[in-house]
Amino acid sequence: MILSKANLSHIKTGDIQLPGAGTFDLPEKVLQFGTGVLLRGLPEYFIDKANKAGVFNGRVVVVKSTAKGSADNFDLQDSLYTIAVRGIENGQKTEENIISSAIIRVINAATAWNDVLRVACSEDLEIVISNTTEAGIELTDDNIHLSPPNSFPGKLLSVLYERYKRFGGDEHRGLIILPTELISDNGKVLKKIVFALAEQNNLEPDFLSWLERANTFCNTLVDRIVPGKPDKEMSTKLEEDLGYSDELLIIAESYKLWAIEGDETVKRALSFAEVDSGVIIVPDIALFKELKLRLLNGSHTLTCGVAILAGYETVNTAMTDALFSEFITNMLQRNLCPGIPYPVDAEQASQFSSNVLDRFRNPFIRHQWISISSNYTLKIKMRVVPILLRYYEIFNLVPEYISFGFAAYLLIMRSEERGANFEGKSPGGIYKIDDENARYYSNLWVSAKSLGELVTTSLSNVQLWGADLSVLPGFAESVKGYLETIQEVGVVEAMKRINSKR
């Protein structure tokens with residue numbers, strides 16, 4: 001039995017949250033660009049939850065903008081899909097099965113752009129959501145009168161211009177625009193591009209005035225791991241438990257955050273925030289960006305080299321090792337939390353770091369360390385170096401776990417050129433280095449006359465780090481010491497030794 005509107009009454013298990021009776025009569029209040037699993041597992045999770053509680057009372061029209069993939073399964077399943085929430089909260093496994101009816105239909109932009117423009121003219125429409133990848137938010141030489149325009153900003157501008165014309169510039173008919181692409185200040189960036197496109201397309205001044213006064217572009221931050229459809233073994237088990245087949249089924253971790261910059265007007269329109277504390281609407285989301293960037297992303301980055309050298313394949317398998325779990329816990333508590341370069345309450349940072357550890361232990365999420373090591377150097381620069389510098393400002397001491405992470409990074413970046421690739425070797429086998437500085441380090445490991453020279457040359461490279469890290473008192477010596485220890489006794493024994501320090 002396939003999941004569909006007609007088959008809902010045949011689903012007998014009591015472990016599934018089903019759509020409410022009036023769900024299918026709700027109006028189209030949201031226009032969404034993107035069919036990806038993150039949108040289905042986060043914004044639509046909140047919208048569906050609110051609809052079930054009788055709060056938001058609106059559904060989502062999805063625009064499929066790319067040629068990749070098919071919308072056939074949405075049509076076959078009446079746009080219903082299952083969210084299987086699996087995670088760890090306060091050390092305990094959590095499970096939740098939800099049939100989401102947040103989506104009402106999917107429109108293919110390439111073949112039915114006029115249908116999208118008809119939605120733009122709807123009196124019910126209030127919100128636009130997007131996730132078109134970070135590359136999707138960029139300024140191009142686009143013609144918004146094409147059917148459809150080529151770029152996402154072009155499509156959005158076309159929608160807004162059509163709405164402006166339909167309602168005669170009514171300032172009460174503007175939209176709230178929520179980009180979820182992972183770029184800093186995504187709302188501000190998108191707004192700037194949309195205005196630039198409007199000028200490129202010689203749109204009238206009155207429209208530009210309406211665009212500014214009537215519409216709200218919000219900066220947002222999304223944080224939830226949504227791997228998408230599970231592997232075959234897990235899919236088979238889930239479908240047996242659920243009693244139906246679902247080609248759109250997705251796995252999502254239990255942790256969820258959607259931070260949105262907005263005022264009281266935005267808060268009233270986004271009423272789905274009332275039903276879940278995972279939606280946070282505040283005037284400034286910088287705190288949430290810092291917590292995520294430094295504690296979640298920063299700890300991933302600092303430990304990926306350690307994990308690869310220890311032979312771990314995925315994050316959750318590494319966390320089953322008490323030694324590694326203690327190592328990353330100490331790193332968070334002793335170095336990363338105290339060094340966040342932003343005013344943050346210590347208790348809030350501690351709670352966030354506890355959530356991070358729960359997320360890393362999630363047995364249902366298979367996050368590979370080698371994938372995390374992609375663009376290793378840039379990630380350290382953006383995520384870790386600001387913590388390192390702030391830690392020195394506060395304590396003027398070596399943050400030992402950060403220097404250990406740097407040592408592991410240097411060892412991981414030791415490689416040999418193999419055709420078009422640079423490859424390193426760890427206990428887990430041969431790995432490819434996906435980093436634009438792979439050649440630099442391959443050459444440096446050959447040319448450096450000593451480990452001390454290797455470490456100092458790397459740390460003093462301002463082009464890599466944005467600062468000369470070799471001048472930080474004791475840091476280069478500490479990195480060199482841990483690099484020697486890892487080479488002499490292995491990373492596992494080196495972790496034991498640093499964990500024993502107090």
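Let's start in the loop between E7 and H5, where proline 148 lies. A cis peptide bond joins serine 147 and proline 148 there, with omega at about 5 degrees. In general, most peptide bonds are trans, and most residues other than glycine have a negative phi. Please keep in mind that this is a predicted model.

Serine 79 sits between helix H3 (72-76) and E4. Its phi is positive, about 65 degrees, although serine 79 is not a glycine.

Now let's step back to the whole chain. How many helices and strands does the protein have? There are 21 helices and 16 strands. The radius of gyration is 25 Å, close to the 23 Å that the globule rule gives for 502 residues, so the protein is as compact as a globular protein of that length. Along the principal axes, the C-alpha atoms fill a box of roughly 70 × 60 × 50 Å.

Next, the sheet that E7 belongs to. It is an open sheet of six strands, with parallel pairing, in the order E6-E3-E2-E7-E8-E9. Which strands stand at the edges? They are E6 (103-108) and E9 (216-217); each has a single partner strand, so one side of each is left without a neighbour in the sheet. As a reminder, strands of a sheet pair through backbone hydrogen bonds, either parallel or antiparallel.

Let's zoom in on one pair from that sheet. Strand E2, residues 28-33, runs parallel to strand E7, residues 127-130, and four bridges join them. Helix H5, residues 152-166, lies across E2, E7, strand E8 (176-179) and E9. Relative to E2, H5 runs at about 155 degrees.

Strand E4 (residues 81-89) runs antiparallel to E5, and nine bridges join the two. One point to look at is threonine 82, which stands opposite isoleucine 99 in E5. E4 and E5 form a hairpin with two residues between them. In that turn, asparagine 90 has a positive phi of about 55 degrees. Strand E5, residues 92-100, also pairs with strand E1, residues 16-17; these two run parallel and are joined by two bridges. Glutamine 17 has isoleucine 98 in E5 as its bridge partner.

Helix H12 covers residues 322-336 and helix H13 covers residues 346-360; their axes come within 10 Å and cross at roughly 160 degrees. That angle makes H12 roughly antiparallel to H13. The crossing is right-handed. On the H12 side, Ile328, Thr329 and Leu332 meet Ser353, Val356, Leu357 and Phe360 in H13. Sorted by class, that contact has five nonpolar, two polar and no charged residues.

H12 has another helix to pack with: H21, residues 491-499. Their axes are 10 Å apart, at an angle of about 45 degrees. That makes H12 oblique to H21. Is this crossing left-handed or right-handed? H12 passes H21 in a left-handed crossing. From H12, the residues Leu323, Phe324, Glu326, Phe327, Asn330 and Arg334 meet Val492, Met495, Lys496, Ile498 and Asn499 in H21. By class, this contact has six nonpolar, two polar and three charged residues.

H13, in turn, meets helix H10, residues 286-310. The axes of H10 and H13 come within 10 Å and cross at roughly 45 degrees. H10 is therefore oblique to H13, and the crossing is right-handed. Among the residues of H10 in this contact are Leu291, Leu295 and His300, while those of H13 include Phe352, Ser353 and Val356. The residues of the contact divide into eight nonpolar, four polar and two charged.

Let me finish with methionine 234, found in helix H8, residues 232-242. Which residues does methionine 234 touch, not counting those up to four places away in sequence? They are Arg86, Ile251 and Phe364. Leucine 203 is 31 residues from methionine 234 along the chain, and their C-alpha atoms are separated by 52 Å.

Terms used
Residues are numbered from 1 along each chain as its sequence is written. This is a predicted model: local features need pLDDT of at least 70, side-chain atom pairs count only at pLDDT 80 or more; totals for chains, interfaces and linings use all residues. Side-chain values use heavy atoms; hydrogens and water are left out. Two strands pair if DSSP finds at least two bridges between them. Contact means heavy atoms within 4.5 Å. Axes are lines fitted to C-alpha atoms, for helices over the stretch in contact, and angles run from 0 to 180 degrees between N-to-C directions. Angles under 35 degrees count as roughly parallel, over 145 as roughly antiparallel, 65 to 115 as roughly perpendicular and the rest as oblique. A crossing is left-handed if the near helix is turned anticlockwise from the far one by less than a right angle, and right-handed if clockwise. Ala, Val, Leu, Ile, Met, Phe, Trp, Tyr, Cys and Pro count as nonpolar, Asp, Glu, Lys and Arg as charged, and the others, Gly among them, as polar. The radius of gyration is taken over C-alpha atoms; the globule rule is 2.2 Å times the number of residues to the power 0.38.
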